[in-house]
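Welcome! Take a moment to look over the sequence and the model, and then let us walk through a pocket and some aromatic rings together.

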Amino acid sequence: MTFAAITGWGKCLPPAVLTNADLSTFLDTSDEWIVSRTGMRERRVSHVPAIQLASTAAARALACAGLDPAALELIIYGGCSNEELVPNSASGVQIELGATRAAAMDINTACTSFMYGLSIGTSMIRSGVVKNALVIGVELISQYMDWDNRNVAVLFGDGAAAMLLEASDTETGVIREKLQCYADARQILRVRGIGTQYALQGLDFGQTRWDFDGQEIFKKAVRGMSEASIEVLSGAGVAIDDVALIVPHQANLRIIESVAKYAGAPMEKVHLTVHKYGNMSSATAPVALVEAVEEGRVKPRDLILMPAFGGGLTLSAHLLRWGDRVTPL
């Protein structure tokens, strides 16, 4: 049986930091208010386009694996931040990398885009369509943020991360996964102003208004991530004690704490980045995983649980088996 091993990883975080104190200069908020409700203290704001963020993270992942871009067969660009609808953003990354042989596709399932892309890349490797795939999670939310809305402006940040998958005979990479969508609740997280229906209403790109029902999102996120995690562990015949590390989507510290409690895992087993990067949508989970590897929290052959949720309301849970290498080539 063919598996899809994670052989390369990389991230790109903008250097500009937007702190809670900065936000309080133009919003009716404070550091205490934000930290107590979200666990967030700062987030990053990009000064370069999303394709450049994505390409930098992708180049680092390729270098980490020692793979020539010319040998890359598939690029999956996951996120809500596209510089244009046609052509797709993945083709822009392809040009930047010089990956002349690669296929290129975009996927948007909001905050779960990287995780859904991980499933797609893994499946295409397992089925023999490609031998390797580069999966990217990237967001440039600052460009379409509703900066007058305190409920959302404090939550989100910019960033990117990428993982290279390569065919392997060893059981590694995605071991078990769960993908789902609570479509009946799609209206509780909506960005108005981007899309064909809004163009007809005379709204320019960047003139956005966000619908964000925080209480309902909280309840559905906890339920969805928890149930998906339990289902994935059960399907793989794995107990939570067998999992070395939990790397969840980081939308809110209280959500993460609730999911860990539901799964029966101590918070010491959860890798957190929410305090310094906020919610980077599709980039959040992969950035957290890259940092966990860089900080030595991931050991060879570790089992890693990655639950996530996003607009749609999409949700996912992935159980990964890390490979033998934890340092870049």
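## A pocket and its neighbours

In this predicted model, three helices each supply at least two residues of the lining of the second largest pocket: α2 (31-38), α8 (214-236) and α9 (253-263). The largest share, five residues, comes from α8.

How much space does this pocket hold? The second largest pocket has a volume of about 470 Å³. It is lined by 22 residues, and the closest to its centre are Leu 155, Phe 212, Gly 214, Gln 215 and Asn 252. By class, the lining of the second largest pocket has twelve nonpolar residues, along with seven polar and three charged ones.

Now for the rings. The model has two aromatic pairs. One of them brings together Phe 26 and Trp 147, with ring centres 6.1 Å apart; their planes meet at 70°, over the 60 degrees needed, so the pair is edge-to-face. This pair links distant parts of the chain, 121 residues apart: Phe 26 is in the loop between α1 (20-23) and α2, while Trp 147 is in the loop between β6 (132-139) and α6 (150-153).

Key: Residues are numbered from 1 along each chain as its sequence is written. This is a predicted model: local features need pLDDT of at least 70, side-chain atom pairs count only at pLDDT 80 or more; totals for chains, interfaces and linings use all residues. Side-chain values use heavy atoms; hydrogens and water are left out. On a 1 Å grid over the protein atoms alone, a cavity is a set of points where a 1.4 Å probe fits but cannot get out, and a pocket is an open set with protein on both sides within 12 Å along at least five of seven lines; lining residues have an atom within 4 Å of a point. Grid points are joined across faces, edges and corners, and a volume is the space filled by probe spheres set on the points. Helices (H or I, at least four residues) and strands (E, at least two) are DSSP runs, numbered from the N terminus. Ala, Val, Leu, Ile, Met, Phe, Trp, Tyr, Cys and Pro count as nonpolar, Asp, Glu, Lys and Arg as charged, and the others, Gly among them, as polar. Rings of Phe, Tyr and Trp (its six-membered ring) pair if their centres lie within 6.5 Å; planes under 30 degrees apart count as stacked, over 60 as edge-to-face and the rest as tilted.
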